[in-house]
Amino acid sequence: MKLTIVGCSGSFPGPDSPSSCYLLEAEGFRLLLDFGNGSLGALQRHAGLYDVDAICLSHLHADHCLDICAYHVVRTYTPVGPLPKVPVHAPSGASRRLNAAYGMPDEPVLEKSFDFVTLSPGMREIGPFQVTAALMNHPIETYGFRVSHGGRSVAYSADTGESAELVKLAHDADVLLCEAAHIDEPGLPANLHLNGRQAAEYASQARAGTLVLTHLVPWYDQARILEDASRGDFGGPIELARSGAVYDLG
């Protein structure tokens with residue numbers, strides 16, 4: 001299983017990264033976790049334009065889903081005609097939300113390109129992967145994911161405030177992709193995002209292998225996020241997510 005970080009910028013694209021998008025590959029199958037704004041361009045460095053086999057959307061904020069609209073154009077208007085539908089596992093209301101974002105009622109709707117499958121907590125098979133979804137702590141319906149194959153696992157927090165479900169989802173995962181959108185300071189809003197220290201504490205509780213801090217908002221100093229994480233009592237490796245980084249899990 002191979003993990004590629006396509007985009008890791010939080011809330012909006014940054015100068016060095018598009019918004020959230022993660023590519024997982026095994027047995028020739030390509031699964032995307034999130035498809036945030038700006039990520040389609042960077043994705044083409046790592047996969048063929050038509051080669052996405054399935055998509056999981058954690059939630060329906062633009063920085064996690066909006067490039068589905070651009071990918072609809074790709075799959076609808078190719079020189080050889082429309083391509084087969086791609087399954088999109090997403091929270092309830094995804095097709096309505098994304099068709100509204102596409103905003104072209106006189107053109108083919110997104111259902112011409114995608115087969116929307118409503119997420120719920122629990123495990124499902126997607127290609128060769130076992131994908132477990134769990135509800136996170138965010139203002140709208142949001143799922144974290146654990147993707148497993150061949151005895152290896154990647155856990156992804158998506159967007160979340162403090163959440164006991166995250167510890168369960170990430171238990172013994174080889175890699176924990178955990179959001180660290182805030183710096184560690186007093187007065188942070190509850191039930192919205194984590195800071196680096198909290199992300200490291202969750203990685204410690206879950207006994208994860210490597211912690212990769214992601215959803216990095218461009219207005220914060222990333223060195224400060226990493227410094228905060230160093231105070232979280234996690235004994236494993238801690239890294240800042242980087243667009244283009246590849247993790248070969250064997």
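Is T210 buried or exposed? I looked up its accessibility and got 16%, so T210 counts as buried. My cut-offs are these: buried means under 20% relative accessible area, exposed over 50%, and partly exposed in between (1.4 Å probe, protein chains only).

**Ground rules**

I am working on a predicted model, where local features need pLDDT of at least 70 and side-chain atom pairs count only at pLDDT 80 or more, while totals for chains, interfaces and linings use all residues. I number residues from 1 along each chain as its sequence is written, and side-chain values use heavy atoms, with hydrogens and water left out.

**T210 again**

I placed T210 in strand 12, residues 210–214. Strands (E, at least two residues) and helices (H or I, at least four) are DSSP runs, numbered from the N terminus. Next I listed contacts, meaning heavy atoms within 4.5 Å. Leaving out residues up to four places away in sequence, T210 touches D174, V175, L176, P237 and E239.

**Aromatic pairs**

I found seven aromatic pairs in the structure. Rings of Phe, Tyr and Trp (its six-membered ring) pair if their centres lie within 6.5 Å; planes under 30 degrees apart count as stacked, over 60 as edge-to-face and the rest as tilted.

How far apart are the ring centres of F12 and W219? I read 5.5 Å, with the planes at 55°, so this pair is tilted. The pair links distant parts of the chain, 207 residues apart. F12 sits in the loop between strand 1 (2–7) and strand 2 (21–26), and W219 in the loop between strand 12 and helix 7 (222–229). F12 is partly exposed at 30%. W219 is exposed at 60%.

I then took F29 and F129. Their ring centres are 6.2 Å apart and their planes lie at 70°, so the pair is edge-to-face. This pair also links distant parts of the chain: F29 is in strand 3 (residues 29–33), F129 in strand 8 (residues 129–135), 100 residues apart. F29 is buried at 18%. F129 is buried at 0%.

I also noted one aromatic cluster, formed by F35, Y71, F114 and F116.

**Nonpolar cores**

A nonpolar core is a set of buried Ala, Val, Leu, Ile, Met, Phe, Trp, Tyr and Cys residues joined through side-chain atoms within 4.5 Å. The largest has 30 residues. Which residues have the most contacts inside it? I wrote down I5, L31, L33, F129 and F145. Several strands each supply at least two residues of this core, among them strand 1, strand 3 and strand 8. A second, separate core has 26 residues, including L23, A47, Y102 and L110.

**E111**

I found E111 in the loop between helix 4 (94–102) and strand 6 (114–118). E111 is partly exposed at 28%. It touches K85, S95, N99 and F116, not counting residues up to four places away in sequence. From E111 to N99 is 12 residues in sequence and 8.8 Å in space, C-alpha to C-alpha.

**Helix 7**

Which residues of helix 7 are buried? I listed I225, D228 and A229. Seen down the helix axis, they fall within an arc of 100°, so they line one face of helix 7. The arc uses the directions from the helix axis to the C-beta atoms. These buried residues pack against helix 6 (196–206), strand 12 and strand 13 (238–240).
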